[in-house]
Amino acid sequence: MIIQAPAKINLFLEIINKRPDGYHNLESVMHTVSLFDTLEFTEIKENKIELICVNADLPANRNNLVYRAAEKFKEKYNITAGIKIKLTKNIPMGAGLGGGSSDAAAVLNALNTMWNVNDSLENLEHLASKLGADVPFFLTGGTAKISGIGDIVEKLRSDREYKFVLVKPNFGVSTAYAYSKVKFPLTNVRKFDKITECFEQNLLNYENAKDLFFNRFEEFVFGEYPEIKQIKNTLESIGCISLMSGSGATVFGLLQGQENLNNVAKVLAKHNWNVWFVNSFKNCN
């Protein structure tokens with residue numbers, strides 16, 4: 001079985017507060033896009049997990065979320081069969097695109113089918129939440145409003161396909177580092193009611209996105225990483241509605257038509273940044 005695990009972007013991200021357990025409550029709108037890691041699954045006779053990473057710099061053991069996802073699945077459902085997983089990474093790390101979480105969700109979906117467990121989405125979401133805050137969202141992907149620490153997922157209607165450019169500098173940003181820079185109390189706390197209503201009414205478009213897209217992390221990350229702010233300014237100067245995704249370092253731009261896309265490609269080619277042109281991706285399962 002071969003599964004493609006998509007990246008996500010955050011169209012909205014507000015940090016609500018810090019919890020006693022050290023995690024943060026947030027409100028976000030996540031949207032999967034057509035940049036994929038690929039995972040290939042083969043059942044083996046030995047009762048073990050064998051992880052092969054095409055990218056040599058990735059760990060092929062419990063330090064990899066893919067391995068831990070397979071391990072937790074086997075433990076929960078008392079699976080004695082073994083699995084070999086070949087992981088090919090295309091989603092960069094430290095990018096705010098959720099690649100590791102998406103890979104973990106792909107493992108849960110694949111093993112649920114391969115081993116005829118066929119457990120419910122609700123139960124898989126509970127298992128996914130033990131692996132990481134974003135993992136439950138990636139079990140279905142598409143567009144969803146996210147709350148809690150990222151573990152409360154409510155699907156949003158998303159009938160339109162949007163075109164984006166993703167731009168990442170040649171470095172990543174640690175999520176833990178970004179959260180450590182957040183200062184409370186936050187001023188002018190934003191609510192995601194307006195953007196979620198736009199999706200439900202199928203009204204999100206290039207004209208209103210500028211007022212709806214928001215990421216609280218920008219005010220804490222841009223000062224430490226001015227090149228990320230430069231990317232956003234560059235995209236906005238060539239006609240994109242632009243926002244940093246997650247805690248960085250990727251910035252995305254909402255594209256308006258083929259002419260805008262061609263111009264964006266021409267301008268970005270002058271910079272030493274990593275660039276992907278992507279579309280909305282509807283469903284992970």
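Outside the four places on either side in sequence, serine 158 touches His31, Thr143, Phe199 and Lys282, a contact being heavy atoms within 4.5 Å. This is a predicted model, in which local features need pLDDT of at least 70 and side-chain atom pairs pLDDT 80 or more, while totals for chains, interfaces and linings use all residues. Residues are numbered from 1 along each chain, and side-chain values use heavy atoms, without hydrogens or water.

Serine 158 sits in the loop between β6 (152–155) and β7 (strands are DSSP runs of E, at least two residues; helices, of H or I, at least four; both numbered from the N terminus). Its relative accessible area is 15%, so serine 158 is buried (under 20%; exposed is over 50%, partly exposed in between; 1.4 Å probe, protein chains only).

Turning to helix α10, residues 257–268 span 17 Å from first to last C-alpha, close to the 16 Å expected (1.5 Å times one less than the number of residues). Asn260, Leu261, Val264, Val267 and Leu268 are buried in α10. These residues line one face of the helix, because they fall within an arc of 135° seen down its axis (taken from the directions from the axis to the C-beta atoms). They pack against β7 (163–168), α9 (226–237), β10 (251–254) and β11 (274–279). On the face turned away, Gln258, Glu259 and Lys266 are exposed.

In the largest nonpolar core, of 41 residues, Leu39, Phe41, Phe73, Ile85 and Val107 touch the most other members (a core joins buried Ala, Val, Leu, Ile, Met, Phe, Trp, Tyr and Cys through side-chain atoms within 4.5 Å). Apart from this core lies another of 29 residues, including Tyr162 and Phe192.
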